[in-house]
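Here is a short briefing to read beside the structure. Start with the sequence and the fold, then work through the topics below.

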Amino acid sequence: MEKIETIVHGPGLMGGLSGLVKNLFGLLMSRVELAALELAEVRNHLIELVALFAVAALAGWFAIAFGTATIVAALWDAMGWKILLIMFLVFAVITAALVLKGLSMLRQGKLAFPETMNELKNDRDMLL
């Protein structure tokens with residue numbers, strides 16, 4: 001009868017390497033999962049930001065088109081060209097406020113991956 005030997009890797013070099021590979025794979029998988037979660041959050045913030053700017057642009061154009069015609073027609077006899085200047089200033093302030101809101105969202109880092117980047121930095125520091 002032939003004897004069948006089972007090779008079991010103990011705490012030697014091969015066991016250590018296989019443990020290291022398993023740990024690295026687990027670490028990689030947890031980072032990918034974290035990145036996927038943050039990507040979903042960033043996607044939602046990006047959609048919100050795009051929608052905000054789209055609505056701001058649409059509102060600006062409608063306000064300019066319909067509001068300008070109505071107000072100019074109603075006040076032209078009393079104010080003349082000054083009504084056009086007043087309307088320009090009002091819409092410029094509204095546009096500036098909306099743009100500042102969008103820039104504020106960008107400055108808050110709502111399109112970043114803070115947790116993933118922090119974990120990757122910690123991993124790099126630990127490995128090096």
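**L85 and the helical chain**

L85 has a relative accessible area of 44%, so this residue is partly exposed, falling between the 20% and 50% cut-offs. L85 sits in helix 2. The model is predicted. Its protein chain holds three helices and zero strands.

**Confidence**

- The protein chain has a mean pLDDT of 81.
- Of its residues, 88% reach a pLDDT of 70 or more.
- Helix 2, residues 82-107, has the highest mean pLDDT among the elements, at 88.
- Helix 3, residues 114-127, has the lowest, at 74.

**Overall layout**

- From the N terminus on, the order of elements is α-α-α.
- The protein chain has 128 residues, and 13% of them are buried.
- Its accessible surface is about 10,300 Å².
- Carbon and sulfur atoms account for 73% of that surface.
- Among contacts with a separation of 6 or more, 72% join residues 24 or more positions apart.

**Helix 1**

- Helix 1 covers residues 13-79.
- A kink of about 40 degrees is centred on A73 in this helix.
- Buried residues in helix 1 include G15, R31, E38, V42 and H45.
- L49, A56, G67 and V72 are also buried there.
- In an α-helix there are 3.6 residues a turn, so residues three or four places apart point the same way.
- G80 follows helix 1, and its phi is positive, near 70 degrees.

**The nonpolar patch**

- Where does L85 take part in a surface feature? L85 belongs to a nonpolar surface patch with W76, W81, L84, F88 and L89.
- Helix 2 gives the most to the patch, with four residues.

**E38: buried or exposed?**

- E38 lies in helix 1.
- Its relative accessibility is 9%, under the 20% cut-off, so E38 counts as buried.
- Which residues does E38 touch, leaving aside those up to four places away in sequence? They are F113, P114, E115 and T116.
- E38 and F113 are 75 residues apart along the chain, yet their C-alpha atoms are separated by 6.0 Å.

**L46, also in helix 1**

- L46 has its place in helix 1.
- At 42% relative accessibility, between 20% and 50%, L46 therefore counts as partly exposed.
- L46 and L106 are 60 residues apart along the chain.
- The C-alpha atoms of L46 and L106 are separated by 9.6 Å.

Note on methods:
Residues are numbered from 1 along each chain as its sequence is written. This is a predicted model: local features need pLDDT of at least 70, side-chain atom pairs count only at pLDDT 80 or more; totals for chains, interfaces and linings use all residues. Side-chain values use heavy atoms; hydrogens and water are left out. pLDDT is the predictor's confidence in each residue, from 0 to 100. Helices (H or I, at least four residues) and strands (E, at least two) are DSSP runs, numbered from the N terminus. The bend at a residue is the angle between axes fitted to the seven residues ending there and the seven starting there. Buried means under 20% relative accessible area, exposed over 50%, partly exposed in between (1.4 Å probe, protein chains only). Patches are made of residues with over 30% relative accessible area and no salt bridge: like charges are joined within 9 Å, nonpolar side chains (Val, Leu, Ile, Met, Phe, Trp, Tyr) within 5 Å. Accessible areas come from the Shrake-Rupley method with a 1.4 Å probe; for residues, only the protein chains shown count as cover. A salt bridge is a side-chain nitrogen of Lys or Arg within 4 Å of a carboxyl oxygen of Asp or Glu. Contact means heavy atoms within 4.5 Å.
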